[in-house]
Amino acid sequence: MKLQRRTLFAAMAAASLAGTWPLSVLAQKKIVLGFSQIGAESEWRTANSESIKSAAKEAGIELKFSDAQQKQENQIKAIRSFIAQKVDVIAFSPVVESGWGTVLREAKAAKIPVILSDRAVDEKDDSLWVSFMGSDFVEEGRRAGRWLVDKMKGQTGTVNIVELQGTVGSAPAIDRKKGFEEIIKADPKFKVIRSQTGDFTRAKGKEVMEAFLKAEGKKINVLYAHNDDMAIGAIQAIEEAGMKPAKDITIISIDAVKGAFEAMIAGKLNVSVECSPLLGPQLMNAVKDLVAGKTIPKRIVTEEGIFPMEVAAKEFPKRKY
Ligand code: AHR
């Protein structure tokens, strides 16, 4: 059924180009995209939702946008509702990696192509999605680790690290931990003394950092936060404990959102590894290509950098999120 609709789109496009089908008929057929978003847990996520909504508008694609409020069951419900509505393409950002097999098989049976946006799923059968577009989270963790190794070069004593992990079971939490550990394990002076989830939010980041400070106090040399929001929450906790963020405790985080640049400019955050949320335009291009019957790459990796506090003031005016 879905394939027939896509074939029809492609045939109509060809016919209109050949001048045998009026463009006005083609114009009436709006592509429908169902998108299931995780929620609004971070500055990053808000920018990501905004990018998707504005790119859909720009591309003339009808967007059915559903906010799952951090719950996998809500995402599964939304995907089932997109299948029932016979949308042309489904895209979603999976809150956690596992537990998607059944609903993805339902979409496949309905012949609706699925695009994974931002986060991957942990499913053996990769025919269940046509493409995964987003960052290389393991590499982001490695970048954070390499920056730390370089910063602590020449230091002989133990470097005690506390880690604020992202949402339990999510791809960025798993991969950023893995990439960071891969780099620091080469030198035994680096020790992760506490590691706990802060669920990617400012409130949780602050709360967990307070507990770390209570337990370890001045022993903490470094904070590695899996996103900027948790780092910003933790900065508040550090200040409330009478310590100086980025001086008494070196702080590394991920995303490079505007809030992180403001913290770096204020001298409270040492570095942020970039993770771009601006996935909207490439998602809409992929949707259009799929509907036109084209094949799209199975993996589209976002290109990203790293911003230490020394360049923050210069880079800030160029930031788009
Ligand atoms: O999946 C991307 C991550 O999700 C971002 O790093 C984090 O801020 C967000 O909530």
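User: How many aromatic pairs does the structure hold?

Analyst: Rings of Phe, Tyr and Trp (its six-membered ring) pair if their centres lie within 6.5 Å; planes under 30 degrees apart count as stacked, over 60 as edge-to-face and the rest as tilted. The structure holds five such pairs. In one of them, the ring centres of Phe 35 and Phe 65 are 5.8 Å apart and the planes are at 15°, so this pair is stacked. This is a predicted model, in which local features need pLDDT of at least 70 and side-chain atom pairs count only at pLDDT 80 or more, while totals for chains, interfaces and linings use all residues. Residues are numbered from 1 along each chain as its sequence is written, and side-chain values use heavy atoms, with hydrogens and water left out.

User: Why does the pair of Phe 35 and Phe 65 tie together separate parts of the sequence?

Analyst: Helices (H or I, at least four residues) and strands (E, at least two) are DSSP runs, numbered from the N terminus. Phe 35 lies in strand E1 (residues 32-37) and Phe 65 in strand E2 (residues 62-67), so the pair links parts that are 30 residues apart in sequence.

User: Is Phe 65 buried, partly exposed or exposed?

Analyst: Buried means under 20% relative accessible area, exposed over 50%, and partly exposed in between (1.4 Å probe, protein chains only). Phe 65 counts as partly exposed at 26% relative accessibility, whereas Phe 35 counts as buried at 0%.

User: What sits over the ring of Phe 65?

Analyst: A charge sits over a ring if NZ of Lys or CZ of Arg is within 6 Å of the ring centre and within 35 degrees of the ring normal. For Phe 65 it is the charged end of Lys 53, 4.4 Å from the ring centre. Arg 319 lies over the face of Tyr 321, at 4.9 Å from the ring centre.
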